[in-house]
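Please open the model in a viewer and keep the selection tool at hand.

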Amino acid sequence: MSKVPPGFRLLPRAGCDRNVAYRVFIIVFTFFCYTCYHLSRKPISVVKSVFHRNCSRLLFPSNENVTNIETWCDWAPFDQDNYEELLGSLDYAFLFSYAICMFMSGHIAERVNLRYFLTVGMLGTGFATAMFGLGYFWNIHSLAYYVIVQVVAGALQSTGWPSVVACMGNWYGKGKRGLIMGIWNSHTSVGNILGSVIPGIFADHSWGWSFVVPGIIIGTFGILTFFFLVPRPEDVGCSLPDHQGTSVVAVNVEVDVEVPATSSKYDDADRDDEPLLKKKEDKAITILGAMRIPGVVEFALCLFFAKLVSYTFLFWLPKYISAKTSYSAQTSADLSALFDVGGIIGGILAGVISDFTGARASTCMVMLFLAAPMMYVYDLFGSLDYTRNICLLMVVGALVNGPYALITTAVSADLGTHKSLQGNAKAVATVTAFIDGTGSIGAALGPLLTGLISPTGWNNVFYMLIAADLAALLFLIRLVTKEIMSHVATRRAARRDHIQ
C-alpha cells in the first residue's frame with residue numbers, strides 16, 4: 001500500500017523546491033491540526049460560568065415554574081452547593097484519561113502510520129466533543145454522562161500531541177528548532193483563543209453549540225488529514241532532516257521512495273533526479289528506553305508542575321474572572337483569551353532565546369522564576385480594572401506558557417533525536433509522549449486541586465500555583481548547572497586558543 005496520501009497523488013509538480021514546499025506545508029497543516037485539538041478542549045472552561053452562576057443578576061422568568069430563585073438559571077447537576085467539586089470532576093476525568101492514554105499513544109504512534117492514527121484521533125475527538133454538547137439539546141442532567149464523555153474525549157485527545165511533534169521531528173532538523181517550534185507551538189494558544197471566542201458566542205444562550213461547533217471543525221480537519229498529511233519526508237522523496245548539526249535539512253542524504261501503482265510522470269521524474277539508498281528500518285524505543293536519555297526525566301518532572309499551572313489557567317481562568325468581577329460569561333471568556341495571546345509571545349521568545357544561547361533549561365528557569373511574583377501581582381491587582389487585567393494577563397501568560405511551550409516542542413524533539421540514539425528516528429513520539437504524559441498528570445492535578453481549594457478563597461489557589469511554579473524550577477537546577485559549566489568550559493577553551 002502506498003504511503004503517499006491520496007490528496008497528493010492528484011497534485012501537479014510544484015514549481016518551487018519540493019523540500020521547501022513540503023516542509024512549509026507540514027508546519028502549516030500540523031499547526032491547524034493541533035489548533036483544532038485545543039479548540040475542542042477549551043469549551044468546558046467557558047461554559048463553567050453558565051453551569052453555575054449568580055442568578056440574582058439575571059431577569060427572573062415570570063413564565064416558568066421555578067422552585068428555587070437562587071439556582072433557577074443553573075444547569076443541574078451543577079446547581080448544588082458543591083458545584084466546584086462537580087465541575088472539577090469534569091476536568092480531572094478528562095485530564096487523567098488524557099495523561100494515562102498519552103503514554104500509550106506515544107507507544108502506538110511510533111509503530112503505525114501517523115496519518116491513519118491522527119485521522120482516527122481527530123474524528124473521534126470531534127464525535128466526543130459534540131456528544132458533550134448534545135447533553136444540552138437532549139436535556140441530560142446526569143453527572144455520570146458528562147464524566148464518561150470527558151473520559152472518552154481525554155483518551156482521544158491524547159492522539160494529537162505525540163503525532164504532530166513526531167511529524168515535525170521527522171521533517172525538521174535541529175537548526176533553528178527553538179524558533180521554528182516556538183512559532184509553530186502558538187497553535188496551542190491560537191486554539192485556546194478560538195476555543196474561548198467561538199464557544200463564548202453561544203455560552204449565554206445555547207451552550208450546547210459551544211461543543212458541537214468545535215466538534216464539527218476538528219472532525220472536518222480529520223478528513224483533510226487522511227487526504228493530505230505526509231508523516232515522513234522519505235514517503236515523497238524529500239531530503240532527511242539534520243538532527244545533530246545546525247541545519248534544518250541534512251546534506252547529501254538520499255532516501256528510498258515507494259512509488260504507488262498509479263505513479264505518474266511526476267513520480268518518475270523524482271526517481272530519476274534522486275539516487276536511491278536503502279535505509280535500515282529503525283526500531284521504536286520503549287518508555288524505559290526514553291527515560292534513559294539524559295535530561296528526559298528532569299524535563300518531564302519540570303513539566304509536571306509547569307503544566308499544572310498552565311492547565312489550571314486553561315480550565316479555570318474564565319470562572320475566576322467571572323467570580324472576581326461583574327463581567328458576563330462571554331466577556332470573561334474573551335478576556336481569558338489574552339492569557340493565550342501572552343502565551344504565543346512567550347513561546348516564541350523562549351524559542352528565540354534558547355536558540356541564541358543554546359541553553360534550553362536556563363531559559364525555562366529564568367521564565368519560571370519571573371512567573372511566580374507576576375502571578376501574585378495579578379491576583380492582587382488584576383480585577384481592579386479592565387486595562388490592568390489585560391496587561392497583567394498577557395505578561396503572566398507569556399511567563400507561564402513560555403517554558404511549557406519550549407519543553408513540549410523543541411526540548412522534546414531535541415531529546416527524541418539525541419545523539420545517544422545513534423540516529424534512530426523512531427523515538428520522538430515516545431519521548432514526547434513520556435514528557436507530555438508526565439506533564440499531563442500535573443495538568444489533571446491542578447484543576448482538581450483548584451476545585452477543592454477555590455471555596456476557601458481564590459488567593460489560596462494562587463498560592464498553590466506559585467508553589468508549583470517554584471517546584472518546576474527546582475527540577476532544572478542540575479541541567480542549568482551543566483549548561484553553565486559547559487558555557488564556561490567553552491569560553492576558557494576559546495580564550496586558550498586565542499592566546500596560542
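Begin at the second largest cavity, which has a volume of about 90 Å³. A cavity is a set of points on a 1 Å grid over the protein atoms alone where a 1.4 Å probe fits but cannot get out, and its lining residues have an atom within 4 Å of a point. Points are joined across faces, edges and corners, and the volume is the space filled by probe spheres set on them.

This is a predicted model, in which local features need pLDDT of at least 70 and side-chain atom pairs count only at pLDDT 80 or more, while totals for chains, interfaces and linings use all residues. Residues are numbered from 1 along each chain as its sequence is written, and side-chain values use heavy atoms, with hydrogens and water left out.

Select N192, S310, L314, F339 and D340, which lie nearest the centre of the second largest cavity among its 14 lining residues. Helices α9 (186-203), α13 (296-324), α14 (329-357) and α16 (386-416) each supply at least two lining residues; helices here are DSSP runs of H or I with at least four residues, numbered from the N terminus. The largest share, five residues, comes from α13.

Next, select S40, R41, F94, Q150 and A153, the residues nearest the centre of the largest cavity, which 16 residues line. About 120 Å³ of space lies there. Elements α2, α3 (43-51), α5 (114-137) and α6 (143-157) give two or more residues each to this lining.

Turn now to Y22 and W171. Their ring centres are 5.9 Å apart and their planes at 15 degrees, so the pair is stacked. Rings of Phe, Tyr and Trp (its six-membered ring) pair if their centres lie within 6.5 Å, and planes under 30 degrees apart count as stacked, over 60 as edge-to-face and the rest as tilted. Because Y22 lies in α2 (residues 18-41) and W171 in α7 (residues 160-171), the pair ties together parts 149 residues apart in sequence. Y22 is buried at 8% relative accessible area, and W171 is buried at 0%, where buried means under 20%, exposed over 50% and partly exposed in between (1.4 Å probe, protein chains only).

Then select W161 and W184, a stacked pair with 5.8 Å centre to centre and 20 degrees between the planes. Both W161 and W184 are buried.

Finish at K48, which lies over the face of W316 at 4.0 Å from the ring centre. A charge sits over a ring if NZ of Lys or CZ of Arg is within 6 Å of the ring centre and within 35 degrees of the ring normal.

Definitions and conventions
On a 1 Å grid over the protein atoms alone, a cavity is a set of points where a 1.4 Å probe fits but cannot get out, and a pocket is an open set with protein on both sides within 12 Å along at least five of seven lines; lining residues have an atom within 4 Å of a point.
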